[in-house]
Each structure stands twice: as C-alpha cells, then as structure tokens.
Amino acid sequence: MKQIAIFGATGSIGSSTLDIIARHPERFRASVLSANRQVDALVALCQRFEPDLAIIADPALEGELAAKLKAAGLRCEAAAGPSALDQAAAGPLCDTVVAAIVGAAGLGSTIAAARAGKRLLLANKESIVISGELLLQALNEGGGELLPVDSEHNAIFQCLPGGRPPLARSGVRRLILTASGGPFRGRKRDELTTITPDQACKHPKWSMGRKISVDSATLMNKGLEVIEAHHLFGASADQIDVVVHPESLIHSMVDYVDGSVLAQLGNPDMRTAIGYALAWPERIDTAVPTLDLPAIGKLHFEEPDLETFRCLALAFQALRAGGDATTILNAANEVAVEAFLNGQLAFNAIPDLVERVLAELPQQSVVDIPSLMDRDRAAREAALRVLASTC
Ligand SMILES: NC(=O)C1=CN([C@@H]2O[C@H](COP(=O)(O)OP(=O)(O)OC[C@H]3O[C@@H](n4cnc5c(N)ncnc54)[C@H](OP(=O)(O)O)[C@@H]3O)[C@@H](O)[C@H]2O)C=CC1
Ligand SMILES: CC(=O)[C@@H](O)[C@H](O)COP(=O)(O)O
Ligand SMILES: [Mn+2]
C-alpha cells in the first residue's frame with residue numbers, strides 16, 4: 001500500500017489525484033493532505049479520506065483546522081505553516097509526495113521530499129523552474145525518483161526509453177512540446193487590450209487552477225514547461241521545440257535521429273498522467289475514456305506566435321541566459337499574474353513586467369537554495385516596484 005502525501009489537495013491536481021486514489025483503495029492511501037486557506041474544503045477531504053495528518057499552510061488557521069477536525073470526530077492530526085509541509089514531505093507518514101501546490105510556495109516541500117528520497121510526483125513546475133539542477137541534485141542525494149505529472153513531461157517520459165535517459169545516448173534529436181495556444185490563439189496583441197481574468201481563465205481544453213490558466217493564456221505556461229523539460233530530460237534550449245496543437249490530444253513528442261517521432265495521445269484529463277505516475281512502472285485504470293479517432297477526424301498544428309505571446313520568447317531567453325535567470329522570470333511572472341487576477345495589471349502588461357524585471361536583475365550563478373530564495377525575493381520586490389510605477 002503506497003502512503004501518499006498530497007500537497008495542494010484542494011486544488012485541481014489534488015482532486016484528480018484523490019479521484020485515482022479513491023478508485024484504487026487496495027494500492028493507495030492518502031496519508032497527508034494540505035491546503036493553503038480552504039479549511040472547510042480540507043476538512044471535507046479528511047472526512048472522506050481519513051489521512052493521518054492535515055496541514056493548512058496559513059499558520060493563522062491552525063486552531064480552526066484542529067477544532068473542525070475534532071468536531072468532525074476525526075483522529076487526524078492538524079499542523080500549519082510551511083515548516084509543517086517540509087517536515088511532512090520528509091517524514092515517515094508518506095513514501096510518495098504529490099507536489100501540487102501552485103507557485104514558489106511549493107518549493108520547500110518539493111525539495112524536502114527529494115532530499116528524503118521519496119517518490120516525487122511533480123506537478124508544481126515552478127519549483128523546478130526556480131531550483132533546476134539543485135532539485136535534481138537533492139533527488140540524487142536522497143535516492144528517490146521523480147515522476148513528471150505535467151502532461152507534456154509525462155508524455156515525453158512515456159516516449160523515452162526508461163523514462164529519463166541521457167538524450168545523446170538514446171538517439172533523441174529533439175523534444176516537441178505541444179501547446180493548446182490557450183483561449184486567445186489566433187488573436188493579435190491589439191485584440192487583447194481588454195482581456196478580463198475570467199476570459200483568460202477559460203481554457204479551451206483543460207480545467208485548471210487560475211494561475212496556470214493565465215499562464216496558458218500568455219503562453220508563459222509553455223515557457224515554464226520548456227525550462228522544466230530542459231532540467232528533467234537534459235535537453236538544451238535548441239533541442240526543445242514548441243508546436244501549437246489546438247485539440248490538446250497529443251500531449252508531446254520525441255523526435256529521434258532515425259526519423260521516428262513518438263507521441264503520447266489521450267483525452268485531455270490529468271488523471272492519465274497522475275495515474276501513470278502513481279502506479280509507474282505499472283498502468284492502472286483511471287476512468288479516462290479512450291480516444292475516438294474517427295470522431296476526432298483531424299489534428300492540427302501551427303507555429304506559436306511569439307510576437308503576440310512574448311512570454312514564451314522571454315522564457316527561452318531566460319533559459320539561454322543561464323544562471324538564476326529562470327528564478328527571476330518565475331518570480332516576476334507570479335507577481336504579474338497575481339496583479340492581473342486582482343485587476344491591477346492589463347493582460348498585455350504581463351510580458352512587459354517580466355521583461356523589465358529580467359532586464360533589471362541580470363542573471364547570477366546559482367549557489368544554493370537559500371540564495372535562490374533571496375533572488376526570488378529581490379525579483380518580487382523589483383516586480384512590485386514596476387507595478388507601482390505603472391498603476
Ligand atoms: N491543473 C492542472 O491540470 C495542472 C497543473 N499543473 C501545476 O500543478 C500546480 C497546481 O496547479 P492547480 O492544481 O491547477 O492549482 P490550484 O489553484 O487548483 O490548486 C492549488 C493548490 O495549492 C494550494 N496553495 C495555494 N497557495 C499555497 C501556498 N501559498 N502554500 C501552500 N499551499 C498553497 C491551494 O490551497 P487552497 O485551496 O487552500 O487555496 C490548492 O490546494 C501548479 O504548479 C500548476 O502549474 C501542472 C500541469 C497541469
Ligand atoms: C494539463 C497541463 O499539463 C497543462 O500544463 C496544459 O498543458 C496547459 O495547456 P497549454 O499551456 O498547452 O494551453
Ligand atoms: Mn502542461
């Protein structure tokens with residue numbers, strides 16, 4: 001029986017993960033669940049899944065969580081704050097960690113799980129964009145394994161021999177990441193001046209949290225995924241291509257030197273990738289329906305529009321710059337997306353803000369996690385200054 005900690009249990013990835021766990025009670029048990037501030041939603045999950053530990057990230061809500069668990073007659077322990085997340089990720093209550101917190105807030109527990117040698121199911125792409133090689137080093141030292149949950153990386157993992165082999169020795173020419181193009185595919189910059197958060201969060205194919213939905217709309221999501229693919233598979237920026245595929249049925253591809261291109265297809269439902277990562281190297285039923293190819297009929301592909309969706313170009317630029325540039329990119333983007341969702345920043349100003357912060361903070365060499373966190377803070381402060389000067 002695998003004991004699974006789900007960090008970000010109340011979110012979109014969290015609920016898909018719990019759906020799979022509920023379908024396979026003989027294989028999996030949800031032993032630790034966490035949320036940020038949604039106490040009632042977390043308690044409802046505890047009533048259903050009876051974990052050993054529930055963690056609320058906001059320390060001010062620990063008392064409320066403990067009282068509500070007790071009132072519900074649950075024996076589940078309550079804990080709070082980022083350090084409780086880190087301790088649980090490394091502790092004895094779980095052998096598998098699903099990293100499904102959104103943003104840099106997921107970094108600490110992801111690194112802690114890696115250092116502790118857990119099986120790490122990585123959805124929280126921001127943590128690998130921030131920490132890159134340091135996360136992989138922690139994983140090597142811990143002796144655990146990383147299974148990519150992000151649909152594109154999960155697809156590539158499935159198309160490579162043995163998951164994450166050295167590309168040069170595997171005859172890989174390039175990795176091809178597919179992108180849906182987001183809700184504004186085909187539009188030009190001057191047609192995006194009045195975009196609202198609700199419009200940006202209306203993804204054409206996937207049901208996801210609001211931050212990643214905005215990232216998909218700006219194509220920053222694909223940019224973060226290019227950086228994620230670089231670290232996970234050891235591919236250079238020149239070995240990673242992005243192709244827009246509006247049906248979102250091919251989740252990504254691997255192009256080999258002999259002319260073969262291997263693709264992983266499936267309906268756009270994260271339970272496929274999560275089920276694969278949970279059960280690997282086996283496969284389990286996820287209740288995702290199979291593809292009806294004659295009904296689909298045609299698949300379409302086009303080049304990404306890097307002038308309208310400049311975030312993708314900025315992510316390639318940061319990856320090529322090296323050092324901690326991708327940490328700066330991620331922090332500036334998190335501030336910009338939050339400001340956009342709060343109505344403080346226009347949609348088109350998201351790449352402008354990220355570009356200004358990248359220009360203000362030239363990359364430095366990566367030293368360790370604490371110094372990366374300092375740089376993350378500096379980039380957020382710079383982004384807030386730019387924001388204040390534009391409002
Ligand atoms: N959704 C998807 O299909 C995909 C998501 N991903 C990645 O997975 C991650 C999660 O995405 P998604 O599930 O869509 O996001 P959601 O917004 O749906 O869920 C986020 C989860 O993280 C918790 N959380 C938010 N802020 C904090 C914080 N500061 N500290 C601790 N916990 C926090 C939330 O708690 P609360 O409910 O209390 O706010 C919630 O449980 C992201 O990194 C995303 O890029 C990758 C591929 C696909
Ligand atoms: C489901 C998933 O993995 C998301 O990251 C998805 O890829 C978003 O779609 P686009 O970024 O391609 O619009
Ligand atoms: Mn993805």
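Figure 1. The model shown here, and in every panel below, is predicted. Glu152 sits in helix α8. Glu225 sits in helix α11. Is Glu152 buried or exposed? Glu152 is buried, because 27 C-beta neighbours fall inside 10 Å and the cut-off for burial is 20 or more. Glu225 is buried too, with 27 other C-beta atoms within 10 Å.

**Figure 2. Contacts of Glu152 and Glu225.** Sequence neighbours up to four places away are left out for Glu152 and for Glu225. Glu152 is then in contact with Leu177, Thr178, Glu225, His251 and Ser252. Glu225 touches Lys125, Asp150, Glu152 and Leu177.

**Figure 3. The shell around ligand 1.** How many residues surround ligand 1? There are 26, and the closest are Gly8, Gly11, Asn36, Ala105 and Gly209. Helices α1 (12–23) and α6 (125–131) are the elements that give two or more residues to this shell. The biggest share comes from α1, with 3 residues. The shell divides into 13 nonpolar, 9 polar and 4 charged residues.

Figure 4. UniProt, in an unreviewed entry, lists residues 4–132 as "domain: 1-deoxy-D-xylulose 5-phosphate reductoisomerase N-terminal". Over residues 4–132 the chain is 45% helix and 22% strand. The end C-alpha atoms of that stretch are 24 Å apart. Strand β5 covers residues 96–99. Strand β1 (residues 2–7) runs parallel to β5, joined to it by 4 bridges. Ile6 has Val98 of β5 as its bridge partner. Strand β6 (residues 119–122) also pairs with β5 in the parallel sense, over 4 bridges. Here Val97 is bridged to Leu120 of β6. Both faces of β5 are covered. Thr96 and Val98 lie on one side, Val97 and Ala99 on the other, and all are buried.

**Figure 5. The loop between α12 and α13.** Two residues of this loop are picked out: Pro281 and Thr286. The loop runs between α12 (271–279) and α13 (293–296). The peptide bond from Trp280 to Pro281 is cis, with omega near 10 degrees. Is Thr286 buried or exposed? Thr286 is buried, with 22 other C-beta atoms within 10 Å. Neighbours within four places aside, Thr286 is in contact with Ile20, Arg271, Thr272 and Gly275. Ser371 is 85 residues from Thr286 along the chain, and their C-alpha atoms are separated by 41 Å.

Figure 6. Leu219 is not a glycine, yet its phi is positive, about 70 degrees. Leu219 is found in the loop between α10 (210–218) and α11. With 30 C-beta neighbours inside 10 Å, Leu219 counts as buried. Ser248 also has a positive phi, near 50 degrees, and is likewise a residue other than glycine. Ser248 belongs to the loop between β9 (240–244) and β10 (250–256). Ser248 is partly exposed, with 18 other C-beta atoms within 10 Å.

Methods: Residues numbered from 1 in each chain as written. Chains lettered and ligands numbered in written order. Predicted model: local features only at pLDDT ≥ 70, side-chain atom pairs only at ≥ 80, totals over all residues. UniProt positions renumbered as here; feature names shortened; annotations may be inferred. Buried ≥ 20, exposed ≤ 12 C-beta atoms within 10 Å, placed from the backbone. Contact = placed C-beta atoms within 7 Å. Pairing = 2+ DSSP bridges. Near = placed C-beta within 6 Å. Nonpolar A, V, L, I, M, F, W, Y, C, P; charged D, E, K, R; others polar.
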